[in-house]
Amino acid sequence: MALHVRGVLLPDDEVRDLWLVGDRVTFEPVPGAETVVDGGFVLPGLTDAHCHIGIARGGAPITSLDQARELARVDRDAGVLAIRDAGSPFPYPELDDEPDLPRLARAGRHVAPPKRYLRDIGVEVGAAEVTATVAAQAAAGNGWVKLVGDWIDRGVGDLAPAWDADTMTAAVQAAHAAGVRAAVHTFSESAVEIMVRAGVDSVEHGTGLSLDLIDLMARQGTALVPTMINIRTFGGIADQARAKFPGYADHMLALRDRFPTVVRSAYEAGVPIYVGTDAGGGIDHGLAAEEMLLLHEQAGMSAVDVLAAASWRAREWLGFPGLVEGGLGDLVVYPEDPRADLRVVRTPSRIVLRGRVVR
């Protein structure tokens, strides 16, 4: 049965009627449609642009499709109806079109340096194997590759790039040659500079960004997914590392403390910013609203731009059309205007996924 929705449609900011026929949106009236929304503020479904439904709480790989489903449903029930899984150690292409799960943009496994990433999560390879591994992981995903740009180097006692600059640049080129986009995990100043200059498509975290690199990202259209919830965990990471690696611990705290200013600078420079929580491992699922509030309260993004970063702009970036003629039947409804009080995004009153009412 077709569904009828009436409310203040954002970002249009006017009362509109729309109909969902199967998984598609139309503004042409459909006789006999069931009215499922009559009032409130209607947005295209939210997006978590950095999420891991292939990683269980605590950091171990999941071992079944049912585990991935369970994690994805936690996000769905918070209004997240599209996910970019930024690296999964467990393959689950079967879930791409599952009717009651969020839409998925997927990377394959993380491409990481040997013995310098989370155990059992990435494919760990030396410099000579990076480009071939990128090509293989491009085929394992559905449009993205995830590169680990840096991690602690215990010989150095601090963050250091995963490979040499030429190898890291070749990794981005290999992803593009395979027809996919490349996302890179970076905390450090040195690795993020290499990857931005190499033309990576999105910077994940990006705590080491400088003003010069931010300007370059804005000119190139390089996206930033700050994962501010994740960066708040740096204090605990520093505490655990301090006894053996005091320089690394101090560095992580400095990166954490300056990060709101970094994100604000990126926002003011016009860098495309998208909401991502880094859920999976150390971050619980279902926290997109909290990430939105951090972007607003700590990084100074306007409520409207935060909503765009979580909804219509993020969906467009990932290739999931919003509430336009012929668009996809995903929407969230809030009883009050989230532009006036962004905290309302914590409590959607109606969730519709793929043209079906979830809540």
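Two strands pair if DSSP finds at least two bridges between them. Strands here are DSSP runs of type E with at least two residues, and helices are DSSP runs of type H or I with at least four residues, both numbered from the N terminus. By that rule, strand S5 and strand S6 (residues 80–85) pair in the parallel sense over four bridges.

This is a predicted model: local features need pLDDT of at least 70, side-chain atom pairs count only at pLDDT 80 or more, and totals for chains, interfaces and linings use all residues. Residues are numbered from 1 along each chain as its sequence is written, and side-chain values use heavy atoms, with hydrogens and water left out.

## The three-stranded sheet

S5 and S6 belong to an open sheet of three strands. Its order is S5-S6-S7, and the pairing is parallel. At the edges stand strand S5 (46–51) and strand S7 (103–106), each pairing on one side only. On average, neighbouring strands of this sheet are turned by 20° against each other, direction ignored. Leu46 has Val80 in S6 as its bridge partner.

Helix H1 (residues 65–76) lies across S5 and S6. H1 runs at about 130° to S6. Such angles run from 0 to 180 degrees between N-to-C directions, and axes are lines fitted to C-alpha atoms, for helices over the stretch in contact.

## The seven-stranded sheet

A second open sheet has seven strands, in the order S3-S2-S1-S4-S16-S17-S18. Here the pairing is mixed. The edge strands are S3 and strand S18 (356–357), and each pairs on one side only.

In a regular strand the side chains alternate between the two faces of the sheet.

Start with strand S1 (residues 3–9) and strand S2 (residues 14–21). They pair in the antiparallel sense over seven bridges. Val8 stands opposite Val15 in S2. The hairpin of S1 and S2 has four residues between the strands, and Asp13 takes a positive phi near 65° there.

S2 also pairs with strand S3 (residues 24–26), in the antiparallel sense and over three bridges. Trp19 has Thr26 in S3 as its bridge partner, and Val21 stands opposite Arg24 in S3. In the hairpin of S2 and S3 there are two residues between the strands. Gly22 takes a positive phi near 65° in this hairpin.

## Two helix pairs

Two packed helices are described by the angle between their axes and the distance between the axes. The table gives both values for two pairs.

| Helix pair | Angle | Axis distance |
|---|---|---|
| H3 (residues 165–177) and H4 (residues 189–198) | about 45° | 9 Å |
| H9 (residues 288–297) and H10 (residues 303–310) | about 145° | 9 Å |

H3 and H4 are oblique to each other. Angles under 35 degrees count as roughly parallel, over 145 as roughly antiparallel, 65 to 115 as roughly perpendicular and the rest as oblique. The crossing of H3 and H4 is right-handed. A crossing is right-handed if the near helix is turned clockwise from the far one by less than a right angle, and left-handed if anticlockwise.

Ala165, Met168, Thr169 and Val172 of H3 make the contact with Ala191, Ile194, Met195 and Ala198 of H4. Contact means heavy atoms within 4.5 Å. By class, the contact of H3 with H4 has seven nonpolar, one polar and no charged residues. Ala, Val, Leu, Ile, Met, Phe, Trp, Tyr, Cys and Pro count as nonpolar, Asp, Glu, Lys and Arg as charged, and the others, Gly among them, as polar.

H9 and H10 also cross in the right-handed sense. The contact is made by Met292, Leu295 and His296 of H9 and by Ala303, Val306, Leu307 and Ala310 of H10. These residues divide into six nonpolar, one polar and no charged.

## Two buried residues

Asp305 sits in helix H10. This residue is buried, with a relative accessible area of 19%. Buried means under 20% relative accessible area, exposed over 50%, and partly exposed in between (1.4 Å probe, protein chains only). Leaving aside its neighbours within four places in sequence, Asp305 is in contact with Tyr267 and Arg313. Asp305 and Asp215 are 90 residues apart in sequence and 19 Å apart in space, C-alpha to C-alpha.

Gln137 is found in helix H2 (residues 130–140). Gln137 is buried too, with a relative accessible area of 11%. Beyond its neighbours within four places in sequence, Gln137 is in contact with Gly108, Arg109, Val111, Val123, Trp144 and Val145.
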